[in-house]
Amino acid sequence: MPLTRSVSRSSNAVDKPILRQSSLFFAAGIILFILPAIYLLTGRSAAPGDDPAQAAKRYLTAVYARDYPKAYQWTSAEDQKLKSAKEYLTENPPFSGAALELAYQLGNRVEWHELRSEVHEEKATVFFRVTLPDANAPALQKLFLDFDPKRLSHLTGSEKWEIEKRLESMKKQGTLPVIEGENSLELVKEQGQWRVFTHWGGAIRIRFKAEVKEGLEWKFWPVREIVLAKPGETLQAFYKAKNLSNRPLTAKARHLDEPKELSEKYLEIIQCFCFIQQTLVPGEEKEFPLVLRINATVPADLQEFSVNYQFYPIEKFPKK
């Protein structure tokens, strides 16, 4: 979903938040909250205890806190047919433990304004405005130790309490960095429960390919050949390589994306194993992570990107 209207405000806010690797998936969650404009509604409200608005809030709060196992549970059956829980959690690594607990300290401070619903039988559209903590702001990056799960897992109970106390102090003093935006979300009713319809059926296919070049004695392959990505969505994928020789081999990869001009404009490779050379000892098998994002402004008729990684022996890596 395109981020077309947002305001970041606080004494420590910046005009263009920098996406750091540690908070990358917070950024992906933030994008889910933003749409072009607010809508006027004429539909009826849901009955008490049968509220699509509350379902939307639960889902988006879970996404924002990187509680992806819970978020997946609240997606529609139609979407789940296209993307399994294992695939979804591979693409969206969740927080756990202290990291998840502290992420919810931010997620629970999301403010919902003018939350209303338009319901037509088994389908609903929820329209709302939100004010949410800007997890990419330097002040929150520092407070939450760059959202590094390992560092957060070593915090003592008193240290976690201190973070929560400082966060509440920022809220009361009006210095909490926030983003404001408007959004809508579609839901469907299944077996009496509202679930989010994520439209994975209309997502863009990213087809991964792998090659070894110039006689490199490696086996090299994508863990999944195709993933589905929606505009504005950040995903993680993996390749694997195995040294088939009886000696250590050092190699380096390059990637070729198609269609070339469109991929240069709309496909962003955020984290890539091709930036540094890789060495495998005889028989060693290694997994290489890849993080990418589809630009929110990608043309509506574009259906597929091809990402081809080629590993070369380091001494034969192309200079251009």
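View 1. Tyr-88 is buried, at 4% relative accessibility (buried means under 20% relative accessible area, with a 1.4 Å probe and protein chains only). Tyr-68 is buried too, with a relative accessible area of 2%. This is a predicted model: local features need pLDDT of at least 70, side-chain atom pairs count only at pLDDT 80 or more, and totals for chains, interfaces and linings use all residues. Residues are numbered from 1 along each chain as its sequence is written, and side-chain values use heavy atoms, without hydrogens and water.

**View 2. Aromatic pairs.** The structure holds 18 aromatic pairs (rings of Phe, Tyr and Trp, the last by its six-membered ring, with centres within 6.5 Å; planes under 30 degrees apart are stacked, over 60 edge-to-face, the rest tilted). Tyr-68 and Tyr-88 pair edge-to-face, 5.9 Å centre to centre, with 85 degrees between the planes. Tyr-68 lies in helix H3 (68-73) and Tyr-88 in helix H5 (85-91), so the pair ties together parts 20 residues apart in sequence. Helices here are DSSP runs of H or I with at least four residues, and strands are runs of E with at least two, numbered from the N terminus.

**View 3. Charges over rings.** The charged end of Arg-58 sits over the ring of Trp-74, 5.4 Å from its centre. Lys-252 lies over the face of Phe-317, 5.1 Å from the ring centre. The criterion is NZ of Lys or CZ of Arg within 6 Å of the ring centre and within 35 degrees of the ring normal.

**View 4. Strands E10 and E14.** E10 (residues 249-258) and E14 (residues 304-313) pair antiparallel over 8 bridges (pairing takes at least two DSSP bridges). Ala-251 has Pro-313 in E14 as its bridge partner.

Methods: Buried means under 20% relative accessible area, exposed over 50%, partly exposed in between (1.4 Å probe, protein chains only).
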